[in-house]
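I opened this model today to look up a few side chains and one backbone angle. My notes follow in the order I took them.

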Amino acid sequence: MDPSQAAEIEAALPALLDRFYARVRADAALGPVFNDAVEDWDRHLATLADFWSSVMLTTGRYKGDPMQAHMRHGHRIPSEMFGRWLALWNQTTAEMMSPEVAAAMQAKAARIAQSLDLAIHFRLPKAEPSRPAASQRRPNRSNPDLDRTRQGVRQWRLR
């Protein structure tokens, strides 16, 4: 990202996030979840500005754990909700950012949404303990070499 794009992002983040989350809060599907989860919107928007600055510009300003925050509310976030969130994000970034920056922010948001969705909803099935079929099991036979080694170890221990 070139310096002018970085400056564009930093300058636009507060207004971008205000507009985007105003849409999220008013959305019939997203609004109830976000409005219940966020107690202080001013503080949350400042945190999100730090998050997007860190994500897009690697500033390191964000120190939180977005995965943990979303996992707390995972029971209320169906996979389809990520698509709606992305549609609003794409609309808002397209309106407010240059095409190159909007595309970069949209691509990053899509990867983040996919990661969150997988973390919340994807579970591997529990594995069954594997046992070889009876026909593949080896009979318990004595191994003469192993028996001599065991006998030698026993005798050595007795000394």
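I began with the aromatic rings. Ring pairs join Phe20, Tyr21, Phe34, Trp41, Phe51, Trp52, Tyr62, Trp85 and Trp89 into a cluster. I keep in mind that this is a predicted model. The count of aromatic pairs comes to 9.

I then took the pair Phe20 and Tyr21. Their ring centres are 4.6 Å apart and their planes stand at 80 degrees, so I list the pair as edge-to-face. The cut-off I needed here is an angle over 60 degrees. Are Phe20 and Tyr21 buried or exposed? I find both Phe20 and Tyr21 buried.

Next came Phe51 and Tyr62. This aromatic pair is edge-to-face too, with 5.2 Å from centre to centre and 85 degrees between the planes. Where do the two partners lie? Phe51 sits in helix H3, and Tyr62 sits in the loop between H3 and helix H4 (66–71). The pair therefore ties together parts that are 11 residues apart in sequence. I checked the cover on each partner. Phe51 has a relative accessible area of 12%, so I note Phe51 as buried. Tyr62 has 21%, so I note Tyr62 as partly exposed. The limit for buried is under 20%.

I stayed in the loop between H3 and H4, where Thr58 lies. What is the phi of Thr58? I read a positive value of about 50 degrees, although Thr58 is not a glycine. I wrote this down because most residues other than glycine have a negative phi. Thr58 is exposed, with a relative accessible area of 68%.

Then I turned to charge on the surface. Which residues gather in a patch of negative charge there? I list Asp18, Glu39, Asp40 and Asp42. I followed up one of them, Glu39. Glu39 is placed in the loop between helix H2 (30–37) and helix H3 (41–57). Its relative accessibility is 82%, so Glu39 counts as exposed.

My last entry is on Ile120. Ile120 belongs to helix H6, residues 99–121. With a relative accessible area of 11%, Ile120 is buried. How many residues separate Ile120 and Gln68 in sequence? I count 52, while the distance in space is 9.9 Å from C-alpha to C-alpha.

Notes
Residues are numbered from 1 along each chain as its sequence is written. This is a predicted model: local features need pLDDT of at least 70, side-chain atom pairs count only at pLDDT 80 or more; totals for chains, interfaces and linings use all residues. Side-chain values use heavy atoms; hydrogens and water are left out. Patches are made of residues with over 30% relative accessible area and no salt bridge: like charges are joined within 9 Å, nonpolar side chains (Val, Leu, Ile, Met, Phe, Trp, Tyr) within 5 Å. Accessible areas come from the Shrake-Rupley method with a 1.4 Å probe; for residues, only the protein chains shown count as cover. A salt bridge is a side-chain nitrogen of Lys or Arg within 4 Å of a carboxyl oxygen of Asp or Glu. Lys and Arg count as positive and Asp and Glu as negative; His and the chain ends are not counted. The place of a charge is taken as NZ of Lys, CZ of Arg, CG of Asp or CD of Glu. Helices (H or I, at least four residues) and strands (E, at least two) are DSSP runs, numbered from the N terminus. Buried means under 20% relative accessible area, exposed over 50%, partly exposed in between (1.4 Å probe, protein chains only). Rings of Phe, Tyr and Trp (its six-membered ring) pair if their centres lie within 6.5 Å; planes under 30 degrees apart count as stacked, over 60 as edge-to-face and the rest as tilted.
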